[in-house]
Amino acid sequence: MKKSNLLNHTFQNTKKKLNYSTALGFLCGIVLCLFIGLYAANDFNSFMNWTGLFIVVVGTIASVLLSYPLRDIINGLKSVKLIFLYESLNPQHEADEIINVSKMWFTRNFMAIENIIDTINNPYLKTGFQLVVDQTPVDDILSLLKWRIARLKAKEKAEANIFHSMAAFAPAFGMLGTLIGLINMLQIIDMRDIGAITFNMGVSLITTFYGLILANLVFTPIAIKLERRTEHRVMIMSMVMEGITLIADNRNPSFVRETLKSFIAHYDNELKIDE
């Protein structure tokens, strides 16, 4: 696999299962919409307005297409499926591999390190070990690993920002629909056409409703979920970077072990939030 592609597959071999918080939130959102339509409204059909929905949805899509390159939008849409899966990231597993390699490096058992590198599934960790074996200067190792982390953060932040933008655009187009409905009402109010007035009043109010629902129940939660996922991944990568740096500095395996233990203990609650 080429180095340029390694970053996208750093965590490809982690076990994934259904993210119950996302599933529960999705279910609660459906229940809320059904409650509003069936109990909070006099008529369920009063909340169904295709004109208003078209204004909000198409307007939001148009704004996003004008704001971001098509490639970023496609990547952002692909990332939506990730919020329904929980990545079972295991920092202890990564720490154990680092400690094991640190012992081999300390005893200059380079052949064993070469053999274990071939069995590692995490490309980020694998790259770090290979740099150590190649006796790359510590500053260069640190610079490369930091760049990999920064690249991951930039890529995934761009994906989350798309949904933050959609959350901002949706209510704005909801207000646009409201203005359109009010303008039409002013034009026909002298005609005293109750049907036309009711239709435009529906468009005027329901577009704001659609914009708020989409922004606060769909787009913003997706963006926040993607950001939290990135934070968890960066935590693991930072721990790996610290361990690789200690090995390159020829630090004692006991010191490496205690440092990584402290790192895991510090972030333990953070890493287990979604479990």
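Two residues are in contact when they have heavy atoms within 4.5 Å of each other. Among contacts in this chain between residues at least 6 apart in sequence, 82% join residues at least 24 apart.

This is a predicted model, in which local features need pLDDT of at least 70, side-chain atom pairs count only at pLDDT 80 or more, and totals for chains, interfaces and linings use all residues. Residues are numbered from 1 along each chain as its sequence is written, and side-chain values use heavy atoms, with hydrogens and water left out.

**Whole chain.** Color by secondary structure. Helices (H or I, at least four residues) and strands (E, at least two) are DSSP runs, numbered from the N terminus. The order along the sequence is α-β-α-α-α-β-α-α-α-α-α-α. Of the 275 residues, 39% count as buried. Buried means under 20% relative accessible area, exposed over 50%, and partly exposed in between (1.4 Å probe, protein chains only).

**Helix 3.** Select residues 50-67. The end C-alpha atoms are 25 Å apart, which agrees with the 26 Å that 18 residues should span at 1.5 Å a residue. That expected span is 1.5 Å times one less than the number of residues. Now show Gly-52, Ile-55, Val-56, Gly-59, Thr-60, Ser-63 and Val-64, the buried residues of helix 3. Look down the axis of helix 3: the buried residues fall within an arc of 140°, so they line one face. The arc is taken from the directions from the helix axis to the C-beta atoms. An α-helix has 3.6 residues a turn, so residues three or four places apart point the same way. On the face turned away from the buried side, find the exposed Trp-50 and Phe-54.

**The ends of helix 3.** Select Asn-49, which caps the N-terminal end: a side-chain oxygen lies 3.2 Å from the backbone nitrogen of Thr-51. Jump to Ser-67, which is partly exposed at 42% relative accessibility. A polar atom of the Ser-67 side chain lies 2.7 Å from the backbone oxygen of Ser-63.

**Helices 5 and 7.** Select residues 91-106 and 123-133. The axes of these helices come within 12 Å and cross at roughly 10°. Helix 5 and helix 7 are therefore roughly parallel (angles under 35 degrees). Contact residues include Trp-105 of helix 5 and Phe-129 of helix 7.

**Last stop.** Select Asn-122, in the loop between helix 6 and helix 7. Asn-122 is buried, at 8% relative accessibility.

Notes:
A polar contact is a pair of N or O atoms within 3.5 Å; within protein, one must be able to donate a hydrogen and the other to accept it, and residues adjacent in sequence count only if both atoms are side-chain atoms. Axes are lines fitted to C-alpha atoms, for helices over the stretch in contact, and angles run from 0 to 180 degrees between N-to-C directions. Angles under 35 degrees count as roughly parallel, over 145 as roughly antiparallel, 65 to 115 as roughly perpendicular and the rest as oblique.
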